[in-house]
Structures are given as C-alpha cells and as structure tokens.
Amino acid sequence: MRRIEDIVCLYNPKPINYACGSRNYNMFVASVVCNPYEIVPTEGEHDYRKCEGCQRNRRLLVEAFQKRAKVFPLCCEYHRKLLTLPNFSVKPYYDIAEKTADKVIFTYQHIINSQNKEDWKIQIKDYLDYVIDSFGVFPKGFGEPFLLSAFIFYVKKYIQDYKDIRSNVKTYVFNYFDSLSNENGDKDPLRLLFRTYDKWLRFFPFDISFFKGLKKEYLTRSPLIFKKAKVNPYYSGECYSLITPDELVGILLDITRTLLSDVTKKQKEDISLLSLDYYEELIRQELKIESEELLSSPLESYTLIIKKWLSHQQEMCRKLQAVSRLDNKYADRDPNDSYKESLLSF
C-alpha cells in the first residue's frame, strides 16, 4: 500500500476554470509524483519459492531489469526530466530490478492460483490494480512509471506460454492490459462531470412556474460527488473516487422523476393548476428542448422522460380546456332548450 511519504510532490499546479450553468468554478489541478512500493505475494497451490521455473525466470528478470535501472533516469528524454522535479530522488529505485522481478512472478503465481475460483475475474483484477498502482506515478510528459511496460510484457509472455492457464483467463488478462494503454489521459473527469450536469440544467424545465423556485437551488449544487470505492483486499484503508458521468446521469434521472412526480401529485389535488398560462409555458419549454436536441448528442435517458411528461401535461391541459368550453357553451342556456332539441331529434 502506498504510504504518505511515497507521495513526493504536486507538480505544476494550474488554475482551471469550469463553467456550469451560470456558475464558474475556479480550482487548481496538479499532477502527483509518487514513488513505487513493494507488494506481497498471495498464497495458493502454486508456490514460486518451490518452483524451479519461477526461480530461474526471476534471476533472468533481475539481470535484465538491472541493466535498465543502471541508467535510470537518464534512459530517455522523458525520464530525464524527472531530475527537474522538486524532491525527486533516485534512491527509491535502487532495488527496482528486484522489486519488479518479484511483481512479475507474484502476478504470474496469483493468476495461476486464482483461475479456478468462482470469482476468478474479481480476484485477478483486484490484484492487477494493486500491482499497477505499486509502480508509482509520473506527471504527464515525464514518461510512464519505470519498468511498467516491461512488467506487462513479461506477465503476458509467461501466461501465454503456460498451457495450464485457460484461454479465457489469458484473454481476460490481455484485455485488462490493453485497456490500460487505450485509456485517454486527455479526458478531464472534472470537466466531464460539469458538462454532464450543465446539460441536465439546460434540459430540465426550470422555466415552468412549478420549478422556478427550485432553479436557484440546483444552479448552486455541485456535481462533484465522491463515492466509496469497491474494497480491494490488497489495499489497506478506505478509498474514494469521483462518480463517473454515467453514474451522475443516473442520479439526475432519479431527481428528474421525483420532481416531475411531485408536480403531478399537486395537480391531482388541484386540477385548476392546469391553466391556459401553464399550457403556454409547456409549449415554450417543449420548443426549448427541441432546439437543445439539435445541439446535443446523444440524448440522455432523462430527456425522454421530460419530453413524455411535457406531452402528457399538454394533453391534460387540452382536455381540461375542452371541458371548460363545453361548460361555457351551456352555462347560459335554458334547460328546456336542450329538452326541445332532444324531442326534435326523433
């Protein structure tokens, strides 16, 4: 587990402005520089300490990694820039060759011992998350964590060559590593959340009289919600992470349903709320959403609910107005006139 002393420094803090609705959020975003840390092996039927192949491979790995470690961080232009960072030290990397060799062997052993368990995917992913985290963090533009690619290469090689590892397990591990390289580091999670919330603010019918009192409240809310991360048995302590944009959409969907449902309940208690002025508000709101749809793609699930609700509300208003017109038509007529009309129809 990463210790607090492994966090070397915050690099290059930059002021960032996030726009959301009528608000602007100003904050600093920085890269964290973290040292690598040692991991522990898991127990199982396969024991690397008693396996001649594992011991031989470990010696070969240490030898190969030592050659690269001798020139770190002068090995490439990116890692060379690490020397410009405050508090950066090469000392935590003195035994990096041995530690990385252990990580390869420990991971290989864990996959072998976990593949026949009922929850083998969870067991393998949790351990891989733990090992990847142990390589530390460099700022963007300073290269990847030292020897991380080498670790991935040898783990993939060893499990590919070992015939007793099931093919679906191999595929799962390969896909896990591929997902690491396919991650888009340019995506700003904060900005994505603000954009997601801002989109909902534009679509929700806050301009309707029923919701105008709530508009200010939701305009001042923050979409930055933290959740307790799934417990990883290989970490100690509690971990928290930002929700994803999809999770935020789910929360906004629930809020949308609740707010719309509350208005419908009020109207059931007092049908006079479905007035002509309200009908005009609904039409204007529908036109606004249609214009937003032209600029937004794809549409979120809450948009369909809002559109359906607006359509239903307009239909109720039309029915009420039809009833009102009938009432006005016969309000000033003599009841005997209707009786005479009925007689003439025969």
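Aspartate 102 is buried in this predicted model, at 16% relative accessibility, where buried means under 20% relative accessible area, exposed over 50%, and partly exposed in between (1.4 Å probe, protein chains only). Its salt-bridge partner is arginine 58, with the closest N and O atoms 2.6 Å apart; a salt bridge here is a side-chain nitrogen of Lys or Arg within 4 Å of a carboxyl oxygen of Asp or Glu. Arginine 58 sits in helix α1 (residues 52-69) and aspartate 102 in helix α3 (residues 96-114), so the pair ties together parts that are 44 residues apart in sequence. Arginine 58 itself counts as partly exposed, at 23%.

A word on bookkeeping. Since the model is predicted, local features need pLDDT of at least 70 and side-chain atom pairs count only at pLDDT 80 or more, while totals for chains, interfaces and linings use all residues. Residues are numbered from 1 along each chain as its sequence is written, and side-chain values use heavy atoms, with hydrogens and water left out.

Salt bridges number 15 in the structure. One of them stays inside helix α5 (residues 148-161), where lysine 157 and aspartate 161 are 4 residues apart, about one turn of the helix. Their N-to-O distance is 3.1 Å; lysine 157 is partly exposed at 36%, and aspartate 161 is exposed at 53%. Aspartate 164 pairs with lysine 163, the closest N and O atoms being 3.5 Å apart. Here aspartate 164 is partly exposed at 45% and lysine 163 is exposed at 70%. Glu43, Asp47 and Arg49 are joined in a salt-bridge network.

Disulfides are another story: the search of the whole structure turns up 0, a disulfide being a pair of cysteine sulfur atoms within 2.5 Å. For cysteine 54, the closest cysteine sulfur belongs to cysteine 51 and lies 3.6 Å away, too far for a bond. Cysteine 54 is buried, at 1% relative accessibility. For cysteine 76, the closest cysteine sulfur is that of cysteine 75, at 4.2 Å, again too far for a bond; cysteine 76 is partly exposed at 24%.

As for the overall picture, the protein has 12 helices and 4 strands, taken as DSSP runs (helices H or I, at least four residues; strands E, at least two) numbered from the N terminus. Buried residues make up 37% of the 346 residues. Of the contacts (heavy atoms within 4.5 Å) between residues at least 6 apart in sequence, 73% join residues at least 24 apart. The accessible surface comes to about 20800 Å², 54% of it belonging to carbon and sulfur atoms, by the Shrake-Rupley method with a 1.4 Å probe.
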